[in-house]
Protein chains: 2
Amino acid sequence: MHRPTAGRPESRGERKERTRRAILDAALELSGETSLVALSLRQVAKEVGIVPTAFYRHFDSIEALGVALVDESFVSLRAMLRDIRRGDPAFSDVVDRSITILVEHVHRQRSHFLFIARERAAGPPAVRDAIHHEIELCERELATDLARLPATDPWSAEDLRILSNLIVMAMVATAEAIMTAPPRPDAEKAIIETARAQLRMVLIGALNWQSRT
Amino acid sequence: MHRPTAGRPESRGERKERTRRAILDAALELSGETSLVALSLRQVAKEVGIVPTAFYRHFDSIEALGVALVDESFVSLRAMLRDIRRGDPAFSDVVDRSITILVEHVHRQRSHFLFIARERAAGPPAVRDAIHHEIELCERELATDLARLPATDPWSAEDLRILSNLIVMAMVATAEAIMTAPPRPDAEKAIIETARAQLRMVLIGALNWQSRT
């Protein structure tokens with residue numbers, strides 16, 4: 001078995017990866033106080049303890065760094081969607097489990113979710129575009145899953161897109177509500193109960209929906 | 001009839017009101033480039049052409065200025081909700097008109113709506129709280145209106161709140177989508193069609209909803 005020897009000098013590649021990670025973490029933390037648009041490359045470099053020019057070995061700009069953070073954030077979001085998909089594809093049972101998984105992921109990846117919530121509306125254009133693109137991808141994946149359910153057999157592709165857009169929108173709003181909730185267990189519980197009832201309401205609407213093909 | 005004479009010297013009160021307006025407009029414009037949290041009192045004063053200390057004659061802080069902008073923004077939002085309420089309170093017909101009025105208001109008050117969208121997630125705490133409070137008030141007003149409809153007679157107060165929260169959430173998402181849409185008429189048309197179908201889906205779900213009283 002090959003194990004790294006304790007005290008083994010760090011390789012060039014490892015050091016580069018560690019600095020890249022430190023830059024991403026610093027940007028995540030610093031942008032939490034203001035927003036990515038107000039963040040300078042100099043501030044990030046200072047926080048990490050590198051000279052500003054060294055920043056460019058890792059990212060072309062603050063915008064490029066922001067897009068990398070969007071990519072990272074959606075790795076966890078996609079994992080969440082995969083978890084939901086893995087279960088029994090019953091149309092109504094899926095609600096409780098989806099919300100539970102969403103809440104778990106928001107807590108585990110709190111700084112990433114806060115970053116997305118903030119930069120979605122207030123970030124630099126390239127970052128906003130990247131977030132909208134990723135949310136659209138989530139909607140398309142969900143539409144593909146919904147298309148597999150027997151209940152949606154008579155539905156048009158357009159109506160599947162409209163439903164998945166509505167569900168993703170409700171999920172985004174729930175995630176944002178959880179992040180801004182006062183730190184009391186009953187506050188989060190109320191948000192979860194509301195989200196469950198809303199998703200059930202949406203699904204009841206969908207089940208009674210007459211698709212115009 | 002009393003008319004202000006052309007060339008009449010401006011009164012002290014009028015000048016004060018004009019400066020206050022200029023400060024609000026400058027903050028609205030400058031915060032559009034970054035966010036209110038990144039905006040300094042000095043920048044606003046410079047844009048208006050006043051000394052920084054003169055700022056305090058109008059607002060205690062940038063946060064207080066932000067809360068005043070939230071108040072202004074929701075005057076137009078409440079006017080919108082009043083317009084929707086004024087019409088025939090049929091449960092399904094109201095959808096098309098609601099969306100039309102929303103889109104009109106987003107275009108008319110574009111900078112205010114952009115401000116709300118941005119600061120809701122990325123603004124200073126006092127401004128974020130003010131926005132959440134105003135959105136909650138909108139939800140409560142809508143819940144009161146929904147309670148008057150015969151279709152919701154057997155509903156619990158909690159379910160009325162859940163439905164109005166879902167509708168307001170969909171309206172907020174639609175407004176944000178319109179503001180970030182590419183400037184093509186067909187892009188906006190697609191968002192409007194999606195929003196109409198979604199609200200109809202939600203209302204069909206609501207009409208088939210079995211309230212747990």
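Mentor: Let us begin with contact, which means heavy atoms within 4.5 Å. With that in hand, residues 24 or more positions apart account for 68% of the contacts in chain A with a separation of 6 or more. Please keep in mind throughout that this is a predicted model.

Trainee: What makes up the secondary structure of chain A?

Mentor: Chain A comes to nine helices and zero strands, so that from the N terminus on its elements run α-α-α-α-α-α-α-α-α. The C-alpha trace of chain A spans about 60 × 50 × 40 Å along its principal axes, and buried residues make up 47% of its 213 residues.

Trainee: How is chain A divided into domains?

Mentor: Chain A has domain 1 (1-59) and domain 2 (61-207), bounds that come from an automatic or database domain assignment. The C-alpha centres of these two domains of chain A lie 29 Å apart, and the contact takes 18 residues from domain 1 of chain A and 17 residues from domain 2 of chain A.

Trainee: Why is an area quoted for an interface?

Mentor: The size of an interface is often given as the accessible area lost when the parts come together. Here domain 1 of chain A and domain 2 of chain A bury about 1,300 Å² between them, with 73% of it on carbon and sulfur atoms. On the side of domain 1 of chain A, the residues that lose the most area to domain 2 of chain A are L28(A), L36(A) and F59(A), together 44% of what that side buries.

Trainee: How many salt bridges does the rule find across the interface of domain 1 of chain A and domain 2 of chain A?

Mentor: The rule finds one across that interface. R21(A) forms a salt bridge with E72(A), and the closest N and O atoms are 2.4 Å apart; the cut-off for a salt bridge is 4 Å, so the pair R21(A) and E72(A) qualifies. The count of residue pairs in polar contact between domain 1 of chain A and domain 2 of chain A is five. The elements that give two or more residues to the side of domain 1 of chain A touching domain 2 of chain A are α1 (12-33) and α2 (41-48) of chain A, and the largest share of that side, eight residues, comes from α1(A).

Trainee: What is said to be tied together by R21(B) and E72(B)?

Mentor: The side chains of R21(B) and E72(B) meet in a salt bridge at 2.4 Å, N to O. R21(B) lies in helix α1 (residues 12-33) of chain B and E72(B) in helix α4 (residues 62-86) of chain B, so the pair ties together parts that are 51 residues apart in sequence. R21(B) counts as partly exposed at 30% relative accessibility, and E72(B) is partly exposed with a relative accessible area of 23%.

Trainee: Why is R196(A) called buried, while E193(A) is called partly exposed?

Mentor: Buried means under 20% relative accessible area, and exposed means over 50%. R196(A), at 19% relative accessibility, therefore counts as buried, whereas E193(A), at 38%, counts as partly exposed. The side chains of these two residues, E193(A) and R196(A), meet in a salt bridge at 3.4 Å, N to O, and being three residues apart in helix α9 (residues 185-207) of chain A, they are separated by about one helical turn.

Trainee: What separates R140(A) and E136(A) along their helix?

Mentor: They are four residues apart in helix α7 (residues 125-148) of chain A, and therefore separated by about one helical turn. R140(A) forms a salt bridge with E136(A), the closest N and O atoms being 3.3 Å apart, and E136(A) is partly exposed, with a relative accessible area of 42%.

Trainee: Which residues are linked in a network of salt bridges?

Mentor: R120(A), E176(A), R120(B) and E176(B) are linked in such a network, and the structure holds 26 salt bridges over all chains.

Key:
Residues numbered from 1 in each chain as written. Chains lettered and ligands numbered in written order. Predicted model: local features only at pLDDT ≥ 70, side-chain atom pairs only at ≥ 80, totals over all residues. Heavy atoms only, no water. Buried area = accessible area lost by both parts, 1.4 Å probe. Polar contact = N/O pair within 3.5 Å; in protein donor to acceptor, adjacent residues only side chain to side chain. Buried < 20%, exposed > 50% of the residue type's maximum accessible area, 1.4 Å probe, protein only.
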